[in-house]
Amino acid sequence: MKAVPRSSEQWGRWIDETAALLDLPLDPSHRAGVIANLQRLAELAASLEDPALDVVDESAAVFRP
Amino acid sequence: MTIAAAGALEIGRRVRSGEWSAAAVTAAALARIEAHDGRINAFTSVIAERAVREAAAVDAAVARGEDPGPLAGVPFAVKNLFDLAGEVTLAGSASRRSSPPARRDATAVVRLRAAGAIPVGALNMDAYAYGFTTENTHFGPTRNPHDRARIAGGSSGGSAAAVAAGLVPISLGTDTNGSIRVPAALCGIFGLKPTYGRLSRVGAHLFVGSLDHIGPFARSVADLAASYDAIQGPDPSDVACAQRPIEPASLELARGAEGLRIAVAGGWFAGPQQPEVRLAVERVATALGASAEVDVPGMARARAAAFVMTGIEGGLLHLPELRRDAAGIEPLIVERLLAGALAPAHWLWQSHRVRRQVAREAREVFRRWDVLLAPATPIPAQPIGTEWVTLGGERMLARPNLGLFTQPVSFVGWPVAVVPVHGIGPLPLGVQVIAAPWREDLCLRVAAQLESLGVAAVPVAGAS
């Protein structure tokens with residue numbers, strides 16, 4: 001699945017809404033930097049979408065009761 | 001041989017024989033730290049009283065005819081994310097100054113002490129180990145002993161600088177994406193990042209548990225191997241620590257590189273780098289007779305996934321503190337932590353899946369080769385405060401790209417020894433000696449061969 005690039009405005013809305021839902025105060029002086037960092041992570045994450053992964057690559061952690 | 005010039009095993013031999021006392025060795029180390037650390041800012045705390053007390057115990061054991069261990073009386077220091085009983089574990093963060101002191105030593109500290117070594121203090125680092133430069137806003141930058149206007153590398157910068165400057169013969173650091181290998185290279189000393197899961201991290205303040213390793217620094221390969229051997233062993237308290245027996249590497253060093261199939265890692269590792277970095281790899285390869293170049297598949301994906309995993313796991317780990325007091329967090333990392341804490345969970349999940357895929361495909365390279373050589377950093381130590389560098393005509397951020405060649409290798413968990421190469425330019429450089437999982441012995445054998453040939457060496461840098 002190809003990831004759709006999002007604009008900085010879209011990431012700004014994401015940040016505002018998720019930060020509020022997580023009770024995470026966000027100083028306005030950090031907002032632009034957080035958007036830039038999230039966009040960078042998004043680009044890198046998008047590069048990991050293809051090619052499709054095999055079932056043997058599932059990452060479920062081993063639980064040892 | 002003076003105490004100041006002696007390596008760890010030499011100190012241990014002389015203390016065990018009664019030729020030197022642990023008290024005298026400890027006093028000499030404390031005096032060197034007092035005299036020289038102000039110029040490089042490697043230490044954030046010195047535990048002199050405890051060190052003197054433990055040195056007296058080592059001397060008493062020798063007097064009773066007991067063997068305190070191969071590292072008897074050897075002073076060592078730890079990155080300040082390792083617990084030292086009775087001390088506050090800072091993990092590079094000023095906001096942790098008011099935390100309660102550690103109740104016990106980290107497992108690695110316990111094991112070094114069991115081998116006779118004596119902890120003398122804690123060392124500076126990037127806040128929460130998130131960085132490659134040890135430019136710590138709250139505790140000041142650690143300065144490179146070879147040029148004090150430049151960075152020591154990070155995040156274990158204090159650990160590397162203290163050893164390079166001759167303040168202690170060995171130290172401990174951690175490596176998530178390159179934080180042992182980058183400062184070892186920039187400070188011109190030996191460093192070992194073992195296989196992921198080889199060494200216990202109990203009592204080490206984690207940053208990204210999925211990627212965190214611990215490991216030693218030293219000025220000789222024998223000291224590096226002895227330190228590594230001392231801290232090996234399973235630990236059920238660390239879920240990532242493999243239940244493997246101790247596999248001593250020190251006994252293997254004399255075999256050198258004989259019989260090993262060694263190649264230079266190309267592809268990703270031939271990417272942007274200064275010409276002298278390439279020359280350092282060529283010098284090492286020529287000395288080992290390694291002429292083949294091999295492409296390791298998946299390294300670009302490995303770096304991307306490591307970057308994503310680091311940002312998100314790091315952000316989530318520090319979410320409580322981000323909620324409580326973001327203003328108290330290191331300014332160089334707070335926005336990266338916030339972004340990671342707010343990132344979609346799918347990105348992290350996919351990164352872990354990609355890790356499985358890349359590790360499975362990339363390790364095929366070891367069917368044909370035993371050891372790979374690669375640059376440790378694309379550039380030598382930069383002036384403190386450097387934001388940008390230009391490599392191959394491309395302008396890029398200096399700080400994150402110090403990990404360009406280390407990050408993919410730790411992502412797949414392979415063991416790496418960094419060997420220092422001096423004399424190509426005015427500053428030292430490092431070469432990664434990489435082997436298949438659980439073959440630290442091969443990394444150290446090749447490092448020992450390079451040391452015996454004089455290709456890798458560690459002159460004590462003048463901190464004075």
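Predicted model: local features only at pLDDT ≥ 70, side-chain atom pairs only at ≥ 80, totals over all residues.
Glu364(B) is partly exposed, with a relative accessible area of 41%. Its partner is Arg367(B), with which Glu364(B) forms a salt bridge whose closest N and O atoms are 2.5 Å apart. Select Arg367(B) as well: this residue is exposed, at a relative accessible area of 63%.

**Further salt bridges in chain B**

Over all chains, the structure holds 25 salt bridges. Display next the side chains of Asp105(B) and Arg50(B), which meet in a salt bridge with an N to O distance of 2.6 Å. Asp105(B) lies in the loop between β2 and α4 (107–114) of chain B, whereas Arg50(B) lies in helix α3 of chain B, so the pair ties together parts that are 55 residues apart in sequence. Both Asp105(B) and Arg50(B) are buried.

Proceed to Arg113(B) and Glu54(B), whose side chains meet in a salt bridge at 2.9 Å, N to O. This pair also links distant parts of the chain, for Arg113(B) is in helix α4 and Glu54(B) in helix α3 of chain B, 59 residues apart. Are the two partners buried or exposed? Arg113(B) counts as partly exposed, at 33% relative accessibility, while Glu54(B) counts as buried, at 14%.

**Helix α1 of chain B**

Select residues 8–17 of chain B, which form helix α1. Which residues of this helix are buried? They are Ala8(B), Ile11(B), Gly12(B), Arg14(B) and Val15(B). An α-helix has 3.6 residues a turn, so residues three or four places apart point the same way.

Now show the side chains of Glu10(B), Arg13(B), Arg14(B) and Glu19(B), which are linked in a network of salt bridges. After α1(B) comes Gly18(B), which has a positive phi, near 85°.

**A buried alanine**

Move to strand β13 of chain B (residues 371–375), where Ala374(B) is found. Ala374(B) is buried, with a relative accessible area of 0%. Leaving aside residues up to four places away in sequence, Ala374(B) touches Ala265(B), Phe269(B), Val281(B), Val431(B), Gln432(B) and Ile434(B). A distance may also be drawn from Ala374(B) to Glu282(B): their C-alpha atoms are separated by 9.6 Å, although the two are 92 residues apart along the chain.

**Two cysteines**

Select Cys241(B) and Cys443(B) next. Cys241(B) counts as buried at 5% relative accessibility, and Cys443(B) counts as buried at 0%.

**Where the chains meet**

Finally, display both chains: 34 residues of chain A are in contact with 30 residues of chain B. Between them the chains bury about 3000 Å², with 65% of it on carbon and sulfur atoms. On the side of chain A, select Leu41(A), Leu48(A) and Leu53(A), which lose the most area to chain B, together 22% of what that side buries. Helices α1 (8–21) and α2 (28–46) of chain A each supply at least two residues of the side that touches chain B. The most comes from α2(A), with 11 residues. By class, this side of chain A has 19 nonpolar, 7 polar and 8 charged residues. Across the interface there are 0 salt bridges, but 6 residue pairs are in polar contact.

Technical notes:
Residues numbered from 1 in each chain as written. Chains lettered and ligands numbered in written order. Heavy atoms only, no water. Buried < 20%, exposed > 50% of the residue type's maximum accessible area, 1.4 Å probe, protein only. Contact = heavy atoms within 4.5 Å. Buried area = accessible area lost by both parts, 1.4 Å probe. Salt bridge = Lys/Arg side-chain N within 4 Å of Asp/Glu carboxyl O. Polar contact = N/O pair within 3.5 Å; in protein donor to acceptor, adjacent residues only side chain to side chain. Helix = DSSP H or I, 4+ residues; strand = E, 2+ residues; numbered from the N terminus. Nonpolar A, V, L, I, M, F, W, Y, C, P; charged D, E, K, R; others polar.
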